[in-house]
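Here is a short note to read alongside the model. Take the points in order, and keep the structure open as you go.

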Amino acid sequence: MTKTKLDPEEQELLNAYESGEFESDLDADRREYLTRAAEETFKKDKRINIRISRRDLEALQRRALEEGLPYQSLVSSVLHKYVSGGLKDISANKSGQRTR
């Protein structure tokens with residue numbers, strides 16, 4: 001098995017976790033929300049394959065680590081929120097003009 005190369009921030013998080021010093025800053029409501037979202041994403045009956053940039057994948061993996069989720073669960077959750085209307089594309093509403 002090859003060892004994954006971590007950036008300094010990821011290594012710091014891993015070291016803190018392994019030493020038992022890691023403390024999550026998630027409040028109870030956010031943790032419950034993420035738990036429910038993860039449970040919903042585990043109800044899977046279809047598979048997809050996508051190609052994305054290495055940079056985007058690494059950003060997704062970092063964000064998932066911050067949230068305490070597997071990155072594929074995070075991706076599935078974001079897609080679910082988008083198709084169910086819970087996540088809006090803010091760039092779609094921009095007309096090129098600044099609003100006050």
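**Notes on the salt bridges and the surface**

1. The side chains of Arg-62 and Asp-7 form a salt bridge, with N to O at 3.9 Å. This pair links distant parts of the chain, 55 residues apart: Arg-62 is in helix α3, and Asp-7 is in the segment before α1 (8-18). A salt bridge here means a side-chain nitrogen of Lys or Arg within 4 Å of a carboxyl oxygen of Asp or Glu.

2. A word on the source: this is a predicted model, in which local features need pLDDT of at least 70 and side-chain atom pairs count only at pLDDT 80 or more, while totals for chains, interfaces and linings use all residues. Residues are numbered from 1 along each chain as its sequence is written, and side-chain values use heavy atoms, with hydrogens and water left out.

3. How many helices are there in the chain? There are four, with zero strands (helices are DSSP runs of H or I, at least four residues; strands are runs of E, at least two; both are numbered from the N terminus).

4. Now look at Glu-67, which lies in helix α3. Its relative accessibility is 16%, so Glu-67 counts as buried (buried means under 20% relative accessible area, exposed over 50%, partly exposed in between, with a 1.4 Å probe and protein chains only). Glu-67 forms a salt bridge with Arg-30, and their closest N and O atoms are 3.3 Å apart. Because Glu-67 lies in helix α3 and Arg-30 in helix α2, the pair ties together parts that are 37 residues apart in sequence. Arg-30 counts as partly exposed, at 33% relative accessibility.

5. A search of the whole structure finds three salt bridges. One of them joins Arg-36 and Glu-32, with the closest N and O atoms 3.8 Å apart. Both residues lie in helix α2, four residues apart, which is about one turn of the helix. As background, an α-helix has 3.6 residues a turn, so residues three or four places apart point the same way.

6. Ile-48 lies in the loop between α2 (28-41) and α3 (54-67), and at 61% relative accessibility Ile-48 counts as exposed.
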